[in-house]
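Please look over the sequence and the model below before reading on. The briefing that follows begins with one residue and then turns to the whole protein.

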Amino acid sequence: VPYVELMGQIKSLLKAESKLPHLYRNHKIVYPAGVSIEQCSTLSTSRYKATLVSGERGADLTGGFGIDSMALSDVCKHLDYYEINEDLARVVQHNFAVLEKANITLHATDGLEDIAANDKKYDFIYLDPARRDDKKEKVYRIEDCTPNVLQWQDVLLESSRVVMTKLSPMVDISLVSREMKSVKEIHVVALKGEVKEILVVQERGYEGGLDIFSVDIDGEDKVPFVYKKRTDVSVEIDTAGDYRYLYDVSAAMRKAGVADDYAASMGLK
């Protein structure tokens with residue numbers, strides 16, 4: 001094995017020890033280039049995504065290292081994995097075989113273009129747009145990511161009843177709810193106190209109220225703490241009086257804007 005490739009495997013293996021313990025323990029797993037493993041979901045956050053969708057057929061249009069695909073394949077009978085990078089797709093295909101993920105079909109092509117051209121239909125579609133520009137600088141606005149899901153919304157919602165998109169923790173939630181169509185839920189997901197991702201769930205034809213969830217995940221084997229807020233219900237907080245203690249909610253709650261609602265539910269002033 002070439003020295004550079006060997007060093008790349010060792011570097012990725014060290015990152016997988018804490019981020020992807022289920023892969024770290026399997027010595028047959030092959031790892032991709034550094035950026036792919038840095039940007040992939042953790043085991044805990046991928047498992048949470050899998051609780052938000054279900055159905056016979058699903059698709060991951062931006063497959064990457066396949067962590068989310070593997071979790072999503074557990075909640076459907078068949079999953080289409082798309083990855084435009086052929087070298088990465090080959091690595092993932094090997095890993096799917098090692099992990100016996102027989103219900104995943106791999107496509108080394110552009111997922112959006114394929115479903116648009118072939119009129120494919122799914123129960124759910126998942127996307128994780130790349131958040132780096134041509135200069136490899138980080139971006140967070142929806143329109144600056146690749147693909148720009150704002151331009152593909154109609155195609156996505158025609159192809160699937162439910163569309164789940166992972167966005168940057170930096171994105172403006174109020175802007176998301178205005179710019180994206182048929183948004184039913186927004187989930188702000190934090191891992192060990194740090195907000196890692198924003199999940200936007202769209203449902204074809206949905207016109208009801210928006211539910212916002214703050215999700216705090218403390219570890220691989222622990223149940224996430226989830227708090228739900230309905231945007232069409234307002235609360236008032238009593239701010240009168242002098243108190244001895246100040247309670248600061250979690251980063252996920254701050255980002256989700258649910259602090260007042262949570263305080264009211266707990267009887268806090």
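Leaving aside its neighbours within four places in sequence, which residues is V235 in contact with? In this predicted model, V235 is in contact with D260, D261 and A264.

**The surroundings of V235**
- V235 sits in the loop that runs between strand β9 (225-230) and helix α10 (251-256).
- One of its contacts is A264, and although V235 and A264 are 29 residues apart along the chain, their C-alpha atoms are separated by 7.2 Å.
- With a relative accessible area of 32%, V235 counts as partly exposed, because that class lies between the limits of 20% for buried and 50% for exposed.

**Overall fold and dimensions**
- The protein contains 11 helices and nine strands, and among contacts between residues at least 6 apart in sequence, 63% join residues at least 24 apart.
- A compact globule of 269 residues would have a radius of gyration near 18 Å, and the protein's value of 20 Å agrees with this.
- Taken along the principal axes, the C-alpha atoms fill a box of roughly 70 × 40 × 40 Å.

- Of the 269 residues, 46% count as buried, while the protein exposes about 14500 Å², of which carbon and sulfur atoms supply 50%.

**Confidence of the prediction**
- The mean pLDDT of the protein is 90, and 97% of its residues reach 70 or more.
- Among the elements, strand β2 (residues 76-82) has the highest mean pLDDT, at 97, whereas helix α3 (residues 34-39) has the lowest, at 71.

Terms used: Residues numbered from 1 in each chain as written. Predicted model: local features only at pLDDT ≥ 70, side-chain atom pairs only at ≥ 80, totals over all residues. Heavy atoms only, no water. Helix = DSSP H or I, 4+ residues; strand = E, 2+ residues; numbered from the N terminus. Rg over C-alpha atoms; globule rule 2.2 N^0.38 Å. Buried < 20%, exposed > 50% of the residue type's maximum accessible area, 1.4 Å probe, protein only. Contact = heavy atoms within 4.5 Å. Areas by Shrake-Rupley, 256 points an atom, 1.4 Å probe, with all protein chains shown as cover. pLDDT = per-residue confidence, 0-100.
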